[in-house]
Amino acid sequence: MDNRGDKRPAGNDSFSTPPGTHKKSRPSSPEKTGEAINIRNARRIMAKIKHRLNGYKNEDNPTKKLIEYVREDISKLDISIKKKTTVGVFGKTGAGKSSLINAILGEKDLLPSGTLCACTSVIIQVGANVTDSNYTAELEFISKEEWDAELETLLNVLSEDGEEKDGALFNTANEKITALYGEDGVFLSVEDLKKDEHFTNIPEFLKSKIKKIVCEKASDLSDEIGCYIQHDDSRPGESYWPVVKTVTIKVPNCKDFLEHVVLVDLPGTGDYNKSRDQMWRMKLRDCSTVWIVSEINRAAADRDAWEIVSSSITDMAQGGECSSLSFICTKTDDLNPQKYMKASKLKDDDFHITPEDPQYGNKKKIACIMHRNGKAKEKVKKQFLQQDTIKKHFDCDDNFLSVFTVSSEEFTKEDPILNQEQTEIPALKDLLRKYNINHINETTHHYISGALGILSLIQGSKESDAKMMVERSKLYATLERDLHQALGHLHEYCHEIKSSLQALLAKGASESEEKGVETAKEVIMSSRHQTLTALCKNDGFFRAKKGVIDLNSSLARPMFQHINSEFSEFFPVQGKVTEKSLQAKIDQFTIITEDLLTKYENSPVLSHVLKFLKIEEMKLKKVLQQEIVEKKKKIYTSLYESIQKNMQPCYKDAAAIKGRGSMNKKKDMLRDHIESSKSEMFQEAKRNMVALLDRTLEFTVEKIRTGLMESIDVSLLNENTLPFMDIRKDIELLKMLSQE
């Protein structure tokens, strides 16, 4: 009996290990690592400090205010400044994505896969359930109003005939109607299809609520969610995926590699639903890394896989935060050794095997698999060198692309011929563990250093005599002056960024009036009727089976091309900070210099105050780091959104045109609007981007100013003191934890 889909102890990667192979040791789970133990110990220390402060509730008002500040600062330590790492997973239907994710999770029967026709529009997110041992799924639906509007479009698609008919869109529309309403659904009127009685099995959809499913076994959850994420031709009227936006699955026993990591299955093609396409782009922009999944027998020549990435490149790079790619070749065990050796002109001697060996058959297949794996990796890396679009948008160093050759089938089999390392599933799990551990390390460092800063503030808030108050005032004046000067330099740099991008945008706007408009007209003229309608229904963006069609990007392309290089310099992805970047300037920013720390190192009070301020400065810069990433996404996408907003009334009017000759009328309407509004459209896009950039730069300067001044005020401005607390041992313990 195969129990591989059952729950396993946390940290156990193994299904079964082939005889004669050795299982490689795995990193321990987070709750057993030094970092997890350290942060628990640090939390205990700070809880004790907080409790001791509770005993001073009757102090005078200034002291009470300082106590509340310290207590609040301790509470803030538990607010994580680092969001989860999002891993986007691309791959066509049949590439083996579901089997791959199942193998990584150690759950053979979780994500449905096999002979069913896979749904191409539902976004599936997978993370760890760290609260109990259940398998859970949360389903978010599109709104009833959205579905009613989409229904009309779907029925129009089904009614089209002749040259205006688009086979792919017709099939999608037919699948959606029959999935929800059964085979007779295509013959019903739109009024009948809108009736609530069709959705009695999914009341959450009608109420715009999240549907939650909880199961004790992975296989049970798989059965429950199947109708929400896949199309089953054998059960018309019993599939609900057309109205599902996202499914979030949480799995137990994978805390060691998914506690702070989310796997997002990003469908390669979209449909008529605008909100799903918007969600798709939003999730893509959140991806820290992207996995491209392709069958090994076509990986080297898989243009579609690279095209999906290339067509979405700005949402990953300047408009996102992706810093690496992994190309995953699947189904490596699907190979005929005889045919492979003949095609590759290989002989037994090349593999040092003989027919007399009792294990000859297995050894030959293993040798062929490993040989093809090596060749596939070489070909994929060679093909990557030809991806000019990707290389233009990313700093593609030696660590940017990783290639894996995996066999989910061999990893989950009872009697595999490959050992686990040869399947490379453990290597992918180790990659996820690395992301998870990096998150834990950063959180631990943030907490312990912040705790040390708070204890330094307590040490620096002891009773002060008149002489010490004079020294406090002098230091306050020095820091206030230095902050003003340092912010002045930062403001000058921000002005340089603004001026540079403003000039580039101006050139791009002029060029877009010519080249962008011509490119957009080509997109319009080359689109078939139903594709054009879908484009208008989705506000100028449509993920068709043949690739992404984006009229807004076509219009804005010259503007993007002018700013992309400089924008990447000013706002690079995390971990790849350039000298010209805003983040580099923030990293270099400090008013607590080494000279200042040395000057006051012998002061029993002010040395602690400066340590507190140094750590507060560090915390502030760390918070800004993530905030700037989010704001730069909005700055970059504002260009696109401005043009989309300008085009929206035209898209709406064009989508509503019906009847004979409607395709040409749609095209004429779109061309006329672009031509008549092109100058103002691009100038408005430029103004909006510059204004958003300006607000972001001002926000950055102001956040540093207000954050540091608050810390300076609370630690130096007045005579507030805290009751005596002997925390020397606590400080030593935290220092020891920070060094481990």
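## Loop residues with positive phi

Asn253 is placed in the loop that joins strand E7 (244–251) to helix H9 (255–258). The model under discussion is predicted. Although Asn253 is not a glycine, its phi is positive, at about 65 degrees. Most residues other than glycine have a negative phi. With a relative accessibility of 28%, Asn253 counts as partly exposed.

Glu424 sits in the loop between helix H19 (420–423) and helix H20 (425–459). Its phi is near 65 degrees, again a positive value in a residue other than glycine. Glu424 has a relative accessible area of 12% and is therefore buried, the cut-off being under 20%.

## Helix H3 and the residue after it

Helix H3 spans residues 97–105, and eight of its nine residues are buried, so the helix is largely enclosed by the rest of the structure. The buried set consists of Lys97, Ser98, Leu100, Ile101, Asn102, Ala103, Ile104 and Leu105. Just after H3 comes Gly106, with a positive phi of about 75 degrees.

## Buried residues in other helices

Leu66 belongs to helix H2 (residues 61–76). At 2% relative accessibility, Leu66 counts as buried. Its C-alpha atom is 7.3 Å from that of Leu722, although Leu66 and Leu722 are 656 residues apart in sequence.

Met279 is part of helix H10 (residues 274–286), and its relative accessibility of 12% makes it buried. When residues up to four places away in sequence are not counted, Met279 touches Ile123, Glu140, Lys245 and Thr246. Between the C-alpha atoms of Met279 and Asn438 there is a separation of 27 Å, the two residues being 159 residues apart along the chain.

Glu410 lies in helix H18 (residues 408–412) and is buried, with 4% relative accessibility. Leaving aside neighbours within four places in sequence, Glu410 is in contact with Asp333, Pro416, Ile417, Leu418 and Thr423.

## Cysteines

How many disulfides does the count give? The count comes to zero disulfides, where a disulfide would require a pair of cysteine sulfur atoms within 2.5 Å. Two cysteines may be described individually. Cys494 is buried, with a relative accessible area of 4%, whereas Cys227 counts as partly exposed at 23%.

## Overall fold

The protein contains 28 helices and 13 strands. Its radius of gyration is 30 Å, close to the 27 Å that the globule rule gives for 740 residues, so the protein is as compact as a globular protein of that length. Taken along the principal axes, the C-alpha atoms fill a box of roughly 90 × 80 × 55 Å.

Of the 740 residues, 54% are buried. Among contacts with a separation of 6 or more, 82% are between residues 24 or more positions apart.

## Surface and charge

The accessible surface of the protein amounts to about 33800 Å². Carbon and sulfur atoms contribute 49% of that surface.

Which numbers of positive and negative side chains does the protein have? There are 110 positive and 115 negative side chains, and the centres of these two sets lie 2 Å apart.

Methods. Residues numbered from 1 in each chain as written. Predicted model: local features only at pLDDT ≥ 70, side-chain atom pairs only at ≥ 80, totals over all residues. Heavy atoms only, no water. Helix = DSSP H or I, 4+ residues; strand = E, 2+ residues; numbered from the N terminus. Rg over C-alpha atoms; globule rule 2.2 N^0.38 Å. Buried < 20%, exposed > 50% of the residue type's maximum accessible area, 1.4 Å probe, protein only. Contact = heavy atoms within 4.5 Å. Areas by Shrake-Rupley, 256 points an atom, 1.4 Å probe, with all protein chains shown as cover. Lys, Arg positive; Asp, Glu negative; His and termini not counted. Charge placed at Lys NZ, Arg CZ, Asp CG, Glu CD.
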